[in-house]
Amino acid sequence: MIKKIFTAVFLFLFATTTQAEIIVIGNLKNNLQSLNFIQVEDIFMGRSRSLPNGRIALPIDQATLRPEFYQKLIARPLEQINAYWARIMFTGQASPPTIVADDNAVITIVNENKDAVGYIDRKNLDHRVRILLILN
Amino acid sequence: MKVFIGKSLHFKIVSYIFLAAIVFISIATFVFFRIEIDHANDKARTMINQLIDTIEPTAQIAVYANNSQIANEVLEGLLRNDVVHKVVITGDKGFSLEKKKGESVKDQKEIIRELLSPFGDKKSIGQLSIVPDSDFSLKEAQYAAFSNALNAFILTVLTLLFMLAVIRSLFSEPLLRISNTLHSISAGEQERIEPLENNKNDELGRLVVSINKILDLLNTKLSTQQVLRKRVEAAEKKLRNIFVSTSAGLFLLDKDGHVLTCTPTLLKILGFQDASLVSINGQNFATLFFKEPIQFQQMMQNALELEQLESQDLMLHDSIGISPLWAHCLLSKIVDAAGVIRFEGVIFDISKRVATEKAMRYEANHDALTGLLRRNAAELQLRKHLASENSAATIVLLLDLDGFKKANDTYGHDVGDVVLIQVARRLEACVRHNDIVCRLGGDEFLIILFNCSAIKIGFGIAETIIASIKKPIESDHRVKVSIGVSIGIALFPVHGDNVESLLKSADEAMYEVKRNGKNGYGMRGKSGAISVNRPSA
């Protein structure tokens, strides 16, 4: 019994301490300095195809932080997001953002594409990309 | 409906109820329709809201993603429902799509639902608006109202048919039986209505008992009345016999003298042969029957004013015939309870009595042999005349036959009588129409000459008489008798101012003539001496 309580407390502490700080990043060459929550949501949910400066956005999803990102951005479970995209894709009018493996892959694509917008864990941030929004 | 009404009571009742039911059902259906159309509208809104609930997430996604394909599917899906007429979906990023079907009869209030973002926290991203189909509500309401009306109608008709049967068997048929029985019962018969088996204790049963009681009562009363009526009839017959057979003619007149009623006897008295064929009602009694209507009218006037029984002998109209008809009439005024004035009267036939009286009077006043006035009657007339205003210039001639006694003694009384009759006729022929010739008795005569303006007229008549009497008189026995006459004349008022003195003077003059040779006339002169004139001498 005591062991069970201990385990629960441990798990709780671990979960809070392992919460990553997710940041939305963009290409340095793009003159876009920052985005707000709504702009990020619109771009990633396919509501808006363009960036606030008028350029066509290229949202990049990643497998590692994906559940956490959508939870923080629009407070919905991943299943709901997938269902949403499934319905949109069925019409053939739009498609969900491209999914890459992890933070490094995201940084690489963002660095290479001027209109790309991605998200990564803050601890993996480097000088090749610009912070557009900090999700917390 | 006219076919039913008037046939019989139960049809009438049911027809009226049916008419009333039709009216009530119509009103109820109309009201129900109004309520039902509101209800159908509510129902339509509820259905539409439920439909929106069903497609809301899809619509949210369509608007959220500006996806016209999904939106189109949503709209088409919604329009497949009868209750939906028009759907509009709009998004806040300028997205808009509209679809509708058919023509809506009238404007319906649209139902608007705000579409929230499927991900954001209650953030509106657009709206969905649906216009309900008014035909749907109308049809719903119409159907409900119609089925309700049909339901009511069928129930009413069934109930009425049942009622018809019940009223017929419980009410109409027993009543008809009673009616038929009553119809066949004549007054005074012993027959009664049979008690109704099914209605012993209800109103109809009591009606039968009551009717039977009334029939009993009627029976008793009728027999009593029959006895009474026979008595009255007998009494009336007696009275009628008296009325019809009475010898007095009874009559009743109104105030103006028109006949109201009269007895047959009256008509017989008044000269109608067949009294039963004549009706004189309404005619003026006085002018109809009496020779002098004014006399009867005077009687009426007197009866009216003096309020006493008037009686008078009256001569009837049609009596210008053989013997005059006379009637004795009694007349009196009567006033009935209502204040109407009438006259009642009795008429007796007195013609015979009057005729007898007249004959007797004639006999008393006239000489039986010659038919001339008797002395008393002549003196009475002279006295009356002298007392009247035109008494002047009246001449009295007193005559005595000369040689009559001798002729009487020689030839007998029969010849004497013939002579007297002949003399009377001759004397009448000698005087004027108005003058009076009278036999004083035996062979003495008196002649009164009225209005002789001159004494010469008297002398002339005297001479004519002397000449006339002198002619021989033939009797039946072929005997010629010659006689003469001596005349004494007296003049009123010279020789007397009354009958006695006049006759006395004439008598004296006549004797003077006798003394001076008879067959002449004489009169006292102014000196007092009597001058005698004998024209034939």
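Which residues have the most contacts inside the largest nonpolar core? They are A:Ile25, A:Tyr119, B:Ala62, B:Val74 and B:Ile89, in a core of 54 residues. This is a predicted model: local features need pLDDT of at least 70, side-chain atom pairs count only at pLDDT 80 or more, and totals for chains, interfaces and linings use all residues. Residues are numbered from 1 along each chain as its sequence is written, and chains are lettered from A and ligands numbered from 1 in the order in which they are written.

**Nonpolar cores**

- A nonpolar core is a set of buried Ala, Val, Leu, Ile, Met, Phe, Trp, Tyr and Cys residues joined through C-beta atoms within 7 Å.
- Buried means 20 or more other C-beta atoms within 10 Å of the residue's own, exposed 12 or fewer, and partly exposed in between, with C-beta atoms placed from the backbone.
- In the 54-residue core, helix H1 (residues 9–64) of chain B supplies the largest share, 9 residues.
- Helices (H or I, at least four residues) and strands (E, at least two) are DSSP runs, numbered from the N terminus.
- Beyond its neighbours within four places in sequence, B:Val74 is in contact (C-beta atoms, placed from the backbone, within 7 Å) with B:Ile55, B:Thr58, B:Ala59, B:Ala62 and B:Ile89.
- Another core lies apart, with 49 residues, including B:Leu382, B:Leu399, B:Leu427 and B:Ile489.

**Chain A against chain B**

- Chain A puts 12 residues into the contact and chain B puts in 8 residues.
- On the side of chain A that touches chain B, helix H4 (residues 78–91) of chain A gives the most, 4 residues.
- That side of chain A has 5 nonpolar, 3 polar and 4 charged residues.
- Ala, Val, Leu, Ile, Met, Phe, Trp, Tyr, Cys and Pro count as nonpolar, Asp, Glu, Lys and Arg as charged, and the others, Gly among them, as polar.

**Helix packing in chain B**

- H1(B) and helix H3 (residues 134–184) of chain B pack at about 160°, axes 8 Å apart.
- Axes are lines fitted to C-alpha atoms, for helices over the stretch in contact, and angles run from 0 to 180 degrees between N-to-C directions.
- H1(B) and H3(B) are therefore roughly antiparallel (angles over 145 degrees).
- The contact of H1(B) with H3(B) has 26 nonpolar, 7 polar and 4 charged residues.

**Backbone exceptions**

- Most residues other than glycine have a negative phi, and most peptide bonds are trans.
- B:Phe492 and B:Pro493 are joined by a cis peptide bond, with omega about 0°.
- B:Pro493 sits in the loop between strand S15 (484–492) and helix H13 (499–515) of chain B.
- A:Ala75 has a positive phi, near 55°, and is exposed, with 10 other C-beta atoms within 10 Å.

Conventions: Contact = placed C-beta atoms within 7 Å. Parallel < 35°, antiparallel > 145°, perpendicular 65-115°, else oblique.
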